[in-house]
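Biologist: I would like to learn how to read salt bridges in a model. Could you start with the general idea and then turn to the case at hand?

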Amino acid sequence: MAGAGDAAPVQLDILQPDDFHHHLRDEPYLEHTVPHAAAAFSRLLVMPNLVPPVTTTAAALAYRERILKRLPKEVPEGAFVPLMTLYLTDKTTPEEIAEAKASGHVYAVKLYPAGATTNSDFGVTDYELIMPALAKMEELGILLLVHGESTDQSVDIFEREQSFYQTTMPMILERRPNLRVVCEHVTSAAAACFVEQAGPNVAATITAHHLCHNRNALFKGGIQPHYYCLPILKTEADRQKLLQVAVDCPKFFLGTDSAPHTVERKESSCGCAGCFTAHMAVELVAEAFQSVRRLDAVEDFVSRRGAAFYGLPPAQGTRSLVLEEFASCLSVLSVRLQRPAPDLPGVEGAGKLRIRRPGGAPSEGRGGVPVEAETQELDASEALR
Ligand SMILES: NC(=O)N[C@@H](CC(=O)O)C(=O)O
């Protein structure tokens, strides 16, 4: 395989990627977020932290319908599948878990420690109260997805994940040792080591931006709100460990945590957490893997391991990534639903990787859905927080 600096473009053919952690939000934003997700991914695990949160199977199924209505008609039948999740609260009952399983569309339940992140106010406040629901999930094989951060305000923001994996996560697994768990968007070496050492029922997602950036990105040349997400970016040593497990270890797979917010909410005196990366996450992963000369592992990470852990068949169809230039421009733009371009103020150049699909123009996603959509800014709304 050709490397960085080679003149000839490298073409990487991979199975259609999946994203096992994605925030689509709700109307009126689905018109924008769904086409971007469908252009990039085959299966999409849809996060439930709407306002109000998706706490019941009925709400998850109604949300699924709203998502499918926004699927561009060019996308072939069955080529894009939203996999639904429930939002775990202190009040989630075993009966609700059984109903979720019976629906055939709910694959997992998301644990947000109350107050840990965006729209987590209805999350878990007392772990004892969720034990009946966890027991039912263990019995039925529904996955528990964990936002692993301590909410203890005396714990440093850069240490909250490590603290959670020292205390809360071991406690959960001690109580429910056969529960299938995905440690979501791990960002620290400590969490990655925890997952490596845990049993085969424990896996993890990693975002593209945590593979590309360390915490310096938050402060480069001034405060950079578009790099602010939770868990927060960590040190370079943490990033290196994430990259190592992402290329080498079958327990780790892509969950982009693509999380759009309005311009007003991001570029504000109190900017909110979350980075929109749906449109370029696969390319960012390829750039990160290329930096350690491991493009051979991209397909495993973005297209195979997640489906295997979820017990899903391999994705249908292929994607060709044409890698033209590397490494100079790892960028994340979290607000505007557009491909970052070099002339955007405050955003370094990006878009040097083009998505090419067999038979399609280089800049087109599945079924002609434009990947490089022109400016489609999200409207300001209290619904997006
Ligand atoms: N990652 C983030 O910083 N934000 C996510 C919530 C989450 O997954 O933590 C969001 O919904 O905006």
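Modeller: A salt bridge is a side-chain nitrogen of Lys or Arg within 4 Å of a carboxyl oxygen of Asp or Glu. This is a predicted model, in which local features need pLDDT of at least 70 and side-chain atom pairs count only at pLDDT 80 or more, while totals for chains, interfaces and linings use all residues. Residues are numbered from 1 along each chain as its sequence is written, and side-chain values use heavy atoms, with hydrogens and water left out.

Biologist: How many salt bridges does a search of the whole structure find?

Modeller: The search finds 12. In one of them, Asp26 pairs with Arg66, with 2.9 Å between the closest N and O atoms.

Biologist: Which parts of the chain does the pair of Asp26 and Arg66 link?

Modeller: Helices (H or I, at least four residues) and strands (E, at least two) are DSSP runs, numbered from the N terminus. Asp26 sits in the loop between β2 (19–22) and α1 (30–40), and Arg66 in helix α2 (residues 57–69); these are distant parts of the chain, 40 residues apart.

Biologist: Is Glu139 buried or exposed?

Modeller: Buried means under 20% relative accessible area, exposed over 50%, and partly exposed in between (1.4 Å probe, protein chains only). Glu139 is exposed at 56%, whereas Lys136 is partly exposed at 23%.

Biologist: Which residues are linked in a network of salt bridges?

Modeller: Asp248, Arg294 and Asp296 form such a network.
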